[in-house]
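Open the structure in your viewer and keep the selection tool at hand. This tour tells you what to select next and what to look for there.

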Amino acid sequence: MESMRDIDRAMEREIAKGSCQLKFVGIEFGDSPYQEIASKEKLLEVLSYLLRTGDYGKFAVNGTGSNVYMNIRGRKPDFQRTYSIFDRNCIFSAISHYGKKIKPDFDGHTYLETVQCFFKLPDGEQEKYRVTYYGQETFVFPMSDKYILGLYTHCISARRAASAGMDIPGTGFSEKEQGIVSLAGVRDVLFQCLLFDTVKYGEGVLCADLCTIYCLK
């Protein structure tokens, strides 16, 4: 596995090729990061929303191509951007099939975690990437696959670090939620994605959601 130093060097090379200089600055769990998934039907609905497929295809905008999605290739998870509804439907099918293998338990043992990931552009660069799409202000970031996967790596690295370094008893989470935060109560990861198409902006910082579906022990 590449070190974070190697990841950063690769990202600097991508900036030189034209990727925007969006930098990862940290994560927060927020007030209500956990949602129980209590049925197979709810799981498929959540996957459909995260992948912008089916009834949730209307949420697919230009920025959806910047999202990073977990896919299953062979026996190992892979992480990629998608460029069409066909790509996202293929991932939906692969994750649904993967779920049959790891058998999520819907009796209080399957949860969606949403962690806020924060990014910052250099001073004076924000307005360059602001656009209006169907009457709504949003951002479009020109980033290569290597660059955006580097940002994703920073996000999951920070999430893993939080599992070891956070003062869990003081977070106000339930005992089960503390087990998810620490990852000690996690059996498998069914799906994960980093959503840039619903990015929020305020006080010079952009916020995107890192969403993970956990199967608990």
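This is a predicted model: local features need pLDDT of at least 70, side-chain atom pairs count only at pLDDT 80 or more; totals for chains, interfaces and linings use all residues.

**Stop 1: helix 1**

Select residues 4–16. This is helix 1, with 13 residues. From its first C-alpha to its last it reaches 19 Å, close to the 18 Å expected at 1.5 Å a residue.

Now colour Ile7, Ala10, Met11, Glu14 and Ile15. These are the buried residues of helix 1. Why do they sit on the same side of helix 1? They cover an arc of only 150° around the axis, and that puts them there.

Move on to glycine 18, which follows helix 1. Its phi is positive, near 125°.

**Stop 2: glutamate 14**

Go back into helix 1 and pick glutamate 14. Is glutamate 14 buried or exposed? It is buried, because its relative accessible area is 7%, and buried means under 20%.

Show what surrounds this side chain. Setting aside residues up to four places away in sequence, glutamate 14 touches Ser19, Ser144, Lys146 and Tyr147.

**Stop 3: helix 2**

Select residues 40–51 for helix 2. Helix 2 has 12 residues. Its end-to-end reach, first C-alpha to last, is 16 Å, close to the 16 Å expected at 1.5 Å a residue.

Colour the buried residues of helix 2: Leu43, Val46, Leu47, Ser48, Leu50 and Leu51.

Step just past helix 2 to arginine 52. Its phi is positive, about 55°.

**Stop 4: helix 3**

Select residues 85–102 for helix 3. The 18 residues of helix 3 should span 26 Å at 1.5 Å a residue. The end C-alpha atoms are 26 Å apart, which agrees.

Which residues of helix 3 are buried? Pick Arg88, Ile91, Ile95, Tyr98, Gly99 and Ile102. They lie on the same side of helix 3, because they cover an arc of only 105° around the axis.

The cover over these buried residues includes helix 2, strand 3, strand 4, strand 8 and strand 9.

Just after helix 3 comes lysine 103, with a positive phi of about 50°.

**Stop 5: where helix 2 meets helix 3**

Keep both helices on screen. Two packed helices are described by the angle and the distance between their axes. The axes of helix 2 and helix 3 come within 10 Å and cross at roughly 150°. That makes helix 2 roughly antiparallel to helix 3, because angles over 145 degrees count as roughly antiparallel. The crossing is right-handed.

Which residues make the contact? From helix 2, show Leu44, Leu47, Ser48 and Leu51. From helix 3, show Arg88, Ile91, Phe92, Ile95 and Ser96.

**Stop 6: arginine 88**

Stay in helix 3 and centre on arginine 88. Arginine 88 is buried, with a relative accessible area of 7%.

Leave out its neighbours within four places in sequence. Arginine 88 is then in contact with Leu51, Arg52, Thr53, Ala60, Thr64, Tyr69 and Thr82.

Arginine 88 and glycine 57 are 31 residues apart along the chain. Their C-alpha atoms are separated by 9.9 Å.

**Stop 7: phenylalanine 79**

Select residues 76–80, which form strand 4, and pick phenylalanine 79. Phenylalanine 79 is partly exposed, with a relative accessible area of 25%.

Beyond residues up to four places away in sequence, phenylalanine 79 touches Val68, Tyr69, Met70, Leu149, Tyr152 and Gln192.

Now draw a line from phenylalanine 79 to valine 181. These two are 102 residues apart in sequence and 22 Å apart in space, C-alpha to C-alpha.

**Stop 8: aspartate 209**

End in strand 9, at aspartate 209. Is aspartate 209 buried or exposed? It is buried, with a relative accessible area of 15%.

Not counting residues up to four places away in sequence, aspartate 209 touches Thr114, Val115, Gln116, Cys193, Leu194, Leu195 and Lys200.

Key. Residues are numbered from 1 along each chain as its sequence is written. Side-chain values use heavy atoms; hydrogens and water are left out. Helices (H or I, at least four residues) and strands (E, at least two) are DSSP runs, numbered from the N terminus. The expected span of a helix is 1.5 Å times one less than its number of residues. Buried means under 20% relative accessible area, exposed over 50%, partly exposed in between (1.4 Å probe, protein chains only). The arc is that of the directions from the helix axis to the C-beta atoms. Contact means heavy atoms within 4.5 Å. Axes are lines fitted to C-alpha atoms, for helices over the stretch in contact, and angles run from 0 to 180 degrees between N-to-C directions. Angles under 35 degrees count as roughly parallel, over 145 as roughly antiparallel, 65 to 115 as roughly perpendicular and the rest as oblique. A crossing is left-handed if the near helix is turned anticlockwise from the far one by less than a right angle, and right-handed if clockwise.
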